[in-house]
Amino acid sequence: MSEPRHAPGARVRRILGQSLAAIWTWTGLLLPVLVGVREPDRLLGDNVALTLVLLAFAAAGSNIELRFTTRSGGPTYSPVGVPITIALVACTPTQAMLVASVGYLLDIGIWRRSRRFAIETAGIGAMTTGGGALIVHALGLGFTDHTQTLLAATVGAVSFLVLDALTYAIWYQLESGSGADVIAYFVRTAPVDMTFTIIAASLAGPFSDTPLLVASALLLCQLAFYALYRVMMSESRHREQSVHLRDTFGRYVPESIVEQLAESGAGVQLGGEEREVSVMFCD
């Protein structure tokens, strides 16, 4: 059980959590700028075109979330993770941080929640991206052969996700004692997102020397994932409708009729429908 928010210990931890979050956030936002001013090659380097392509996809992807169930809290997929993963493998850590921060800053949804939340999301995303990039580069991974590409995409996506989850868990634990809830949320919602991110990054990453091919590969991947999302959502709605029909009519009409309604996929309308039928009465 978490300590009451008005308790002295909880207040101190909350202030500490807010202070650390502010430091982490502004470090993530300002570090790429400061590095770019002092050492332009580390920010611009040889990957300017690729960085711009990934920036565009990160900005677009941050405004999309596909939830693969009609229930809240289910698995989700956001395309923003793919350009971030490619950036932390194929670009410099500074460029990768820039891709993440700008991508999240252009997320309209988080700005609607609050300005503070949008800035914190961008800064924390930049820091976790930089951390993931350092891990990938320290391991010497890159988009070279098929094995290296898959390994680099996996390590990059997992590193980013784990660092992101731990950052938010520590922050929320200090502020409100709900760090375990953050970890549970990531465990529940992240597997689909991480799987699709690894697949897309593995397919697009080998073309990192040709930004236009990266853009084409990313676009095709996202269209394929969206088509799969539509199919899965249709099946999810059909299953929920079937359960609802069985619960509603199972007590009043024969099971065979309920099965027909469930399998037809048609919604039940008030007033019923007209049909020509034959009825036999026997004694």
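Q: Is R67 buried, partly exposed or exposed?
A: In this predicted model, R67 has a relative accessible area of 25%. Buried would need under 20%, and exposed over 50%. R67 is therefore partly exposed.

Q: With which residue does E65 form a salt bridge?
A: E65 has a relative accessible area of 48%, so E65 counts as partly exposed. The closest N and O atoms of its salt bridge are 3.3 Å apart, and the cut-off is 4 Å. The partner is R67.

Q: How many residues apart are R116 and E120 in helix α7?
A: The side chains of R116 and E120 meet in a salt bridge, at 2.7 Å from N to O. In an α-helix there are 3.6 residues a turn, so residues three or four places apart point the same way. R116 and E120 both belong to helix α7 (residues 115-138), and about one helical turn separates them because they are four residues apart.

Q: How many residues apart are R116 and E175?
A: R116 also meets E175 in a salt bridge, with 3.5 Å from N to O. This pair links distant parts of the chain, with R116 in helix α7 and E175 in helix α8. They are 59 residues apart.

Q: Which residues do salt bridges with shared partners join into one network?
A: R116 pairs with E175 at 3.5 Å, and R116 pairs with E120 at 2.7 Å. Shared partners join these salt bridges into one network. Its members are R116, E120 and E175.

Q: Which side chain is joined to that of E175 by a polar contact of 3.4 Å?
A: E175 lies in helix α8. With a relative accessible area of 17%, E175 is buried. The polar contact of 3.4 Å joins its side chain to that of Q18.

Q: How far apart are the end C-alpha atoms of α8?
A: α8 has 31 residues, and at 1.5 Å a residue these should span 45 Å. The distance in the model agrees with that expectation. The end C-alpha atoms are 44 Å apart.

Q: Which residue caps the N-terminal end of α8?
A: At this end, a side-chain oxygen lies 3.1 Å from the backbone nitrogen of T147. α8 is followed by G177, whose phi is positive, near 70 degrees. The residue that caps the N-terminal end is D145.

Q: Which helix gives the most to the nonpolar patch?
A: V162, L166, I170, I183 and V187 form this surface patch, with about 420 Å² of accessible area together. One of them, L166, is in helix α8 and counts as partly exposed because its relative accessibility is 43%. Both α8 (146-176) and α9 (179-204) supply at least two residues. The helix that gives the most, with three residues, is α8.

Q: In which helix is confidence lowest?
A: The mean pLDDT of the protein is 85, and 88% of its residues reach 70 or more. Confidence is highest in helix α4 (residues 81-90), at 95. Where pLDDT is low, the predicted coordinates should not be read in detail. Confidence is lowest, at a mean of 68, in helix α11.

Key: Residues are numbered from 1 along each chain as its sequence is written. This is a predicted model: local features need pLDDT of at least 70, side-chain atom pairs count only at pLDDT 80 or more; totals for chains, interfaces and linings use all residues. Side-chain values use heavy atoms; hydrogens and water are left out. Patches are made of residues with over 30% relative accessible area and no salt bridge: like charges are joined within 9 Å, nonpolar side chains (Val, Leu, Ile, Met, Phe, Trp, Tyr) within 5 Å. Accessible areas come from the Shrake-Rupley method with a 1.4 Å probe; for residues, only the protein chains shown count as cover. Buried means under 20% relative accessible area, exposed over 50%, partly exposed in between (1.4 Å probe, protein chains only). pLDDT is the predictor's confidence in each residue, from 0 to 100. A polar contact is a pair of N or O atoms within 3.5 Å; within protein, one must be able to donate a hydrogen and the other to accept it, and residues adjacent in sequence count only if both atoms are side-chain atoms. The expected span of a helix is 1.5 Å times one less than its number of residues.
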